[in-house]
Amino acid sequence: MSPIAVSAFYKFLPLAEAAELRAPLLAAARRHGIRGTILLAPEGINGTIAGTPDDLSAMMRHIRNLPPFHDLESKESHAEEMPFGRMKVRLKKEIVTMGVPGVDPAASAGNYVAPESWNALISDPEVLVIDTRNSFEVAAGSFKGAIDPGTRSFGEFPAFVERALSGQQHRKIAMFCTGGIRCEKATSFLRARGFQDVHHLKGGILKYLETIPAGESLWQGSCFVFDGREGLTHGLAIAPKAS
């Protein structure tokens, strides 16, 4: 087993106590030797953290023992060495920045699609498949035929929708991202603008790569991750770095 375990998680929920949670979470992370980043905002929690397998398990138990996060789901992977330099717990306006007031995935989002059902959905020629990540992430890998919105940040995604999807509220749309958070918020944005038949990959690309064998996969390339590993592939193995 690799010496470092990595956990990625998020949850949209009303979190009025975000400021009060910051110091206890930071203290627990330091106590367990955990590094990475946790974001807290009125719309929820988002984090990727790493440590030894035992220490990370203890930290995730600590987080789930906090009442708002008792059912927090996470995606686990591994690294040969610590992918983060330090531990940060930050208070933000949004756990994933879109910059559009009133978007509330906790109240209204698209339909979750399990990794096992994703291939059938995106193989339907009537379905519009959209990669909600930034262009440099798409360049590393994506699902065949997926639309690249050409964004440099998630804050540009609403402009893409207004420009490219105007008048297409009748279309069936499937969206995906690294861990699920951006595509979930994107479905909420679309639903607020009259799109009803919208779907997103539950657990994101990472859960798909963890669940679907390479021989059955429609994924091409590697999945860019924002840490020292840079990219992951099937089985959440670390992808070879470009020379």
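Modeller: For residue classes, Ala, Val, Leu, Ile, Met, Phe, Trp, Tyr, Cys and Pro count as nonpolar, Asp, Glu, Lys and Arg as charged, and the others, Gly among them, as polar. The model is predicted: local features need pLDDT of at least 70, side-chain atom pairs count only at pLDDT 80 or more, and totals for chains, interfaces and linings use all residues. Residues are numbered from 1 along each chain as its sequence is written, and side-chain values use heavy atoms, with hydrogens and water left out.

Biologist: By class, what does the lining of the largest pocket have?

Modeller: On a 1 Å grid over the protein atoms alone, a pocket is an open set of points where a 1.4 Å probe fits, with protein on both sides within 12 Å along at least five of seven lines; lining residues have an atom within 4 Å of a point. The largest pocket is lined by 40 residues, and Leu 39, Asn 46, Thr 48, Ile 181 and Phe 226 lie nearest its centre. By class, its lining has 16 nonpolar, 13 polar and 11 charged residues.

Biologist: Which element gives the largest share of the lining of the second largest pocket?

Modeller: Of the 16 residues lining the second largest pocket, Tyr 10, Glu 73, Tyr 112, Glu 184 and Lys 202 are the closest to its centre. Strands (E, at least two residues) are DSSP runs, numbered from the N terminus, as are helices (H or I, at least four). At least two lining residues come from each of β1 and β4. The largest share, four residues, comes from β1.

Biologist: Which residue lies over the face of Tyr 112?

Modeller: A charge sits over a ring if NZ of Lys or CZ of Arg is within 6 Å of the ring centre and within 35 degrees of the ring normal. At 4.2 Å from the ring centre of Tyr 112, the residue over its face is Lys 202.

Biologist: Is Phe 176 buried or exposed?

Modeller: Rings of Phe, Tyr and Trp (its six-membered ring) pair if their centres lie within 6.5 Å; planes under 30 degrees apart count as stacked, over 60 as edge-to-face and the rest as tilted. Phe 143 and Phe 176 form an edge-to-face pair, 4.9 Å centre to centre with 90° between the planes. Buried means under 20% relative accessible area, exposed over 50%, and partly exposed in between (1.4 Å probe, protein chains only). Phe 176 has a relative accessible area of 0%, so it counts as buried.
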